[in-house]
Amino acid sequence: MLIIQLIFINITFIISFFLLMPSSPWLFAISSVLCITLAAMRYRSYQKSHRQNHKILQSLSHGLRNLQDGDFSISLADNTANEGGGKNKSQHEVLALFNQVTDKLRLEKQSIYQRELLLDKVVNASDVVTVLVNHRDTIIFANRAAEFFFNQKSMLGMSWQTLLNEKLPELIPHQDKDNAIIQLLLNDNNVNDELVKALTKTEQSWHLSRHQLKLHGSRHQLTLLKPLTQAMHQQELQTWKKVIRVINHELNNSIAPISSMCHSGNILAERLEQPQLIRVFGTISKRINKLAEFIQSYSQLARLSKPKKQMFDLSKTLKQLQELYHFTLHCQHTEMMFSGDESQIEQLLINLLKNAQQACPEKASVVHITSQQGTLSITVRDFGPGMPVQVLTKAFLPYYSTKVDGSGIGLSICREISDGHQGQITLNNHPEGGLQVEVHLPLS
């Protein structure tokens, strides 16, 4: 367009030269000045437009580079909105379209970031061990449950096979399984003493699943390990409760008339002055009372309700129990506030302290209370003979007891109270002798 205008001005100058120069030199001079002025004005307008176009192109170039680098916060200033002309209108539309695109990309990036943040929170809050391995057998993602499970601060960049060889060789025989329930003999990571941790292992149930997927065109393997031990314990406990309720109902229905008839028979024997019948009915009454006590002890497990949590001072509760049981208390603070069902926690402590005192009556047991990383730890240690390994694995089973007069219900109640507070209870033999019970409860 500029070239055409300049050609037109040049033709006008040539025509005026031939028509006006011979006859009217002053008119030619005027026309020459006008042509030069028009050419200068048009050139100046062209320079201004060129600089503006160059500035807009430069801004677009910088903006596109920012988009290429993933920065969607860029927004181009539009100085052409108040200027007239179709060209400025086109520039305004281009700048407005660029800003609209960046706004949309910025919103989509924020939405993706929020979804990724939510997914990260969900995965890290889950107790399912999650590990993602790329085609080079390198771990590129592991959640907090996986880091706790393998006792590693960070697993990124580690070799998956090397980690299994060092930390979990028990999982290697299950490498060919994609969806199965497996049994693993594992250490308890809640135990702080490395020697105790090495000596005590428990068999735990896990659901193993593997998934093959492609990310960025390369093969990846997602391994998931879901803990089933606590869920199976809960299911087992609920089954025991149902059995206990049925047995209690049937036995109570039978005991009541037998007890009544025995009482009547005893009165009749006394009237008839029959010493032998009196002894018979007395023996039957004692056995009925013993059976009633037996049923009553087991009914505690069936009646245990959902914890009613409220804040209370755990150290104060333990100091009150020192009047009943002989033990030494070690606590980090003079007050140890905890949110839980006070009566249930007190019942748990009574059961543990009673067992500890029965294991070694002549020496005081030791109780340690600590809190760290959002977990309250209660450790009760006695100085008795400890427990054989085969007994440790069955200690929490209802009705199982090695004591002559034991009901086998105390530790079962302890485990249900611990599970009801989303905690964990473990048994192990202390290296220096005696049995050590550890209860870990979340503070929040």
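**Figure 1. Aromatic cluster of Phe 149, Phe 150, Trp 160 and Trp 206.** In this predicted model, these four residues form one aromatic cluster. Across the protein, the count of aromatic pairs comes to four. One of them joins Phe 149 and Trp 206 in an edge-to-face arrangement, with 5.0 Å centre to centre and 65° between the planes. Phe 149 belongs to helix α4 (residues 144–149) and Trp 206 to strand β4 (residues 201–215), so this pair ties together parts that are 57 residues apart in sequence. Phe 149 has 15% relative accessibility and counts as buried because the cut-off is under 20%. Trp 206, at 6% relative accessibility, also counts as buried.

**Figure 2. Edge-to-face pair of Phe 312 and Phe 338.** The ring centres of Phe 312 and Phe 338 are 6.0 Å apart, and the angle between the planes is 85°. Phe 312 lies in strand β6 (residues 310–313) and Phe 338 in strand β8 (residues 337–340); the pair links distant parts of the chain, 26 residues apart. Phe 312 is buried, with a relative accessible area of 5%. Phe 338 is buried as well, at 2% relative accessibility.

**Figure 3. Helix α10 and its buried residues.** Helix α10 covers residues 342–359, 18 residues in total. At 1.5 Å a residue the helix should span 26 Å, and the distance of 26 Å between its end C-alpha atoms agrees with this. Buried positions in α10 are Gln 344, Ile 345, Leu 348, Leu 349, Asn 351, Leu 352, Leu 353 and Ala 356.

**Figure 4. The largest nonpolar core, around Leu 314 and Ile 378.** The largest nonpolar core has 33 residues, of which Leu 314 and Ile 378 touch the most other members. Elements that give two or more residues to this core are the helices α9 (314–321), α10 and α12 (410–420), together with the strands β9 (365–372), β10 (375–381), β11 (424–429) and β12 (435–442). Helix α10 supplies the largest share, six residues. With neighbours within four places in sequence left aside, Leu 314 is in contact with Met 336, Ile 345, Leu 349, Ile 369, Leu 376 and Ile 378. A second, separate core holds 21 residues, including Ala 146, Phe 150, Ala 180 and Ile 182. In soluble globular proteins, nonpolar side chains tend to be buried together.

**Figure 5. Lys 363 over the ring of Phe 383.** The charged end of Lys 363 sits over the ring of Phe 383. Its distance from the ring centre is 4.2 Å.

**Figure 6. Arg 279 in helix α8.** Arg 279 is part of helix α8, which runs over residues 275–303. The relative accessible area of Arg 279 is 53%, and the residue is exposed because the cut-off for that class is over 50%. Between the C-alpha atoms of Arg 279 and Ala 269 the separation is 9.5 Å, for two residues that are ten apart along the chain.

**Figure 7. Overall view for orientation.** The protein contains twelve helices and twelve strands. Of its 444 residues, 34% count as buried. Among contacts between residues at least 6 apart in sequence, 55% join residues at least 24 apart. The protein exposes about 27800 Å², of which carbon and sulfur atoms supply 58%.

Key
Residues numbered from 1 in each chain as written. Predicted model: local features only at pLDDT ≥ 70, side-chain atom pairs only at ≥ 80, totals over all residues. Heavy atoms only, no water. Helix = DSSP H or I, 4+ residues; strand = E, 2+ residues; numbered from the N terminus. Buried < 20%, exposed > 50% of the residue type's maximum accessible area, 1.4 Å probe, protein only. Contact = heavy atoms within 4.5 Å. Areas by Shrake-Rupley, 256 points an atom, 1.4 Å probe, with all protein chains shown as cover. Phe/Tyr/Trp six-rings, centres within 6.5 Å; stacked < 30°, edge-to-face > 60°. Lys NZ or Arg CZ within 6 Å of the ring centre and 35° of its normal. Expected span 1.5 Å × (residues − 1). Core = buried A, V, L, I, M, F, W, Y, C linked by side-chain atoms within 4.5 Å.
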